Structures are given as structure tokens and as C-alpha cells.
Amino acid sequence: MNTVRSADGTSIAFTKAGQGPPLILVDGALCSRSFGPMPKLAAQLTPHFTVYTYDRRGRGASGDTPPYAVGLEVDDLDALVELAGAGETVFVHGTSSGAALALEAAKRIPAIGKLAVYEPPFVVDGTRPPMPADYLPRLSRLVASERRSDAVKMFMRFVGTPAIFTAVMPLTPVWPKLKAVAPTLPYDITIIQDHQRGTPFTPAEWADVKIPTLVAAGGKSPAWMTNGTRALADDLPDAQYRTLPGQNHMVKPQAIAPVLTEFFLVHD
């Protein structure tokens, strides 16, 4: 493990492995450098890239400096980009809310040369109910009152986790890990809430993301998810859209790794 200092002084922990051009992986909600899909995906990518996985602020071995703002997480990624690229461009891949964060970073960090996003959870039509206006305040109150289990359950219900899993998961070994990062759930909701309204993107919303971008979704994902990703690909200045057959939001590393490798290297 190594650390890099963000603009506000927060220490951000990261792991570096592999060889080749630098590629930074950005986690979604509740995941970290040691928990979630990115460690297995990194292992698939290290033969072709120098892969950086990191703990987003408030998770794992990274620090956290309140009050939260999306710009702080962009600064965290900027610090890692600067370290990984050493003055050259880097590649970035984000999934779910991490994809939304990566898109925000691509607007502001010129050293990101290419971007790949998998299913940023954008609701652009009526195929899914919009996020309730009071959702973030209610979630934040649960976190502030140390009701971490309730916060995780509230989030799981929101993302459509079946009730049986929500009931059983507190009995599993994974639950303490989820509770540990529960205070960061409002961060992810802050990142995505403006794109969970069930309305189309505003004109020129993504005009500043000028770099080549891969937008991918699973063939088994719900309509609202694929509609949002397709709309994103249509609105980005330089994007290509890919459907991964047989995949859903929990995309398998072996399914997406070849797609990322082709995008970042073959079409470089």
C-alpha cells in the first residue's frame, strides 16, 4: 500500500500493480481497494497496464476531511492521476457511482487521456421512479446517528436489492465491511442525485468530456440503466457504446477486462 496527498491534505491509499500504461480504477458505493469488484478486475488487467486501485476518501486506509463535496473526490483522483502519469496521460475506468465520479473528473483533469464507464446509475426517463427529494437527508441522518446498518439497508432497498438478501446479509461476514463504509453512502448519493431525476440530460451537459470514452452496460441490466447509459453515450462528444451480453450491474471481471483492454490499447 502507498498513499498520495490530496489537495486538502487528505491521505488517499492506493495499490499499484502490473506493467504498461497507467490505468486507475474507480469504485462504486460500499466498495474499496480490498473489497468489491476492482481487486479481481485489476488482476485481469495487470498484464497490460500498470493498474492503480485506491480507497476513495472515508474508506479503507484513506482519510476523510469534512465537509464532503464532490470536488474533493475529484481532487483525490487528480492527485492519483498526477502521481500515476508523471506528466503523461492516464486511463481511468469507473463503475456505477464511481463511473459518475470519473465523468466529473474527466471534465476537470486534462491528464485523463481515455475514460471507460460501466453503468453510471443515471435515470433519464420514466422507466424507474426518480430519487425522492428527501432521500439524501434521510440517509445522512441515519449515518449521523450511527445507525449504519439501517443506512446500508436503506441504500440496498433503493438500488433494488431483493428483500430476502437485505434480511439475510446482516448475518453474513460481509456485513461488518459494509457497515464500516456506510458513512460514505451520502457521498455517492451526492454524486448521482442530480442525474436520478428521471429527466433527460441538459444541453451540453457532457460537452467538457471531450476525450474518447467507452460507455458500457450489461445485456441483462434493467431498461432504466441501459436507457441512461445509451443517452450518455449519445450526448458525449467522443463516445462508443458497448453491451456486454449476459451481464448485469455486477459485471464479471472476465467479461469486461477484454473490452477495456481493447478500448484502451487497440484503438489508442
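Analyst: Let's begin where Tyr135, Leu136, Leu139, Ser140 and Val143 of helix α4 meet Leu185, Pro186, Ile189 and Thr190 of helix α8. Contact here means heavy atoms within 4.5 Å. Sorted by class, the residues of this α4 and α8 contact are 7 nonpolar, 2 polar and no charged. For these classes, Ala, Val, Leu, Ile, Met, Phe, Trp, Tyr, Cys and Pro count as nonpolar, Asp, Glu, Lys and Arg as charged, and the others, Gly among them, as polar.

A word on the background: this is a predicted model, in which local features need pLDDT of at least 70 and side-chain atom pairs count only at pLDDT 80 or more, while totals for chains, interfaces and linings use all residues. Residues are numbered from 1 along each chain as its sequence is written, and side-chain values use heavy atoms, with hydrogens and water left out.

Now for the geometry. Two packed helices are described by the angle between their axes and the distance between the axes. Helix α4 covers residues 135–144 and helix α8 covers residues 185–192; they pack at an angle of about 165°, with their axes 9 Å apart. That angle makes α4 roughly antiparallel to α8. Angles under 35 degrees count as roughly parallel, over 145 as roughly antiparallel, 65 to 115 as roughly perpendicular and the rest as oblique. The axes are lines fitted to C-alpha atoms, for helices over the stretch in contact, and the angles run from 0 to 180 degrees between N-to-C directions. Helices (H or I, at least four residues) and strands (E, at least two) are DSSP runs, numbered from the N terminus. The crossing of α4 and α8 is left-handed, meaning that the near helix is turned anticlockwise from the far one by less than a right angle (clockwise would be right-handed).

Helix α4 also packs with α5, at an angle of about 155° and with the axes 8 Å apart. These two helices are therefore roughly antiparallel to each other. On the α4 side, Tyr135, Arg138, Leu139, Leu142 and Val143 take part, and they meet Asp150, Ala151, Met154, Phe155 and Phe158 of α5. By class, this contact of α4 with α5 has 8 nonpolar, no polar and 2 charged residues.

Between α4 and α5 (148–159) there is a loop, and Glu146 lies in it. Phi of Glu146 is near 65°, a positive value in a residue other than glycine. Most residues other than glycine have a negative phi, and most peptide bonds are trans. Glu146 is exposed, with a relative accessible area of 55%. The cut-offs are under 20% relative accessible area for buried, over 50% for exposed, and partly exposed in between (1.4 Å probe, protein chains only).

Back at α8, another partner is helix α3 (residues 97–108), which packs with α8 at an angle of about 55°, with the axes 9 Å apart. α3 and α8 are therefore oblique to each other, and α3 passes α8 in a left-handed crossing. Ser97, Ala100 and Leu101 of α3 make this contact with Asp188, Ile191 and Ile192 of α8. The contact of α3 with α8 has 4 nonpolar, 1 polar and 1 charged residues.

In the loop between β5 (90–95) and α3 sits Ser96. Its phi is near 55°, again a positive value in a residue other than glycine. Ser96 is buried, with a relative accessible area of 16%.

Val74 is buried, with a relative accessible area of 3%. Not counting residues up to four places away in sequence, Val74 touches Leu101, Glu104, Ala105, Arg108 and Ile109. The C-alpha atoms of Val74 and Leu103 are 29 residues apart along the chain and separated by 9.6 Å.

Leu103 brings us to Leu232, which touches Leu103, Val117, Pro120, Phe122, Phe201, Trp206 and Val215, not counting residues up to four places away in sequence. Within the largest nonpolar core, of 63 residues, Ile24, Tyr54, Leu115 and Leu232 touch the most other members. A nonpolar core is a set of buried Ala, Val, Leu, Ile, Met, Phe, Trp, Tyr and Cys residues joined through side-chain atoms within 4.5 Å.
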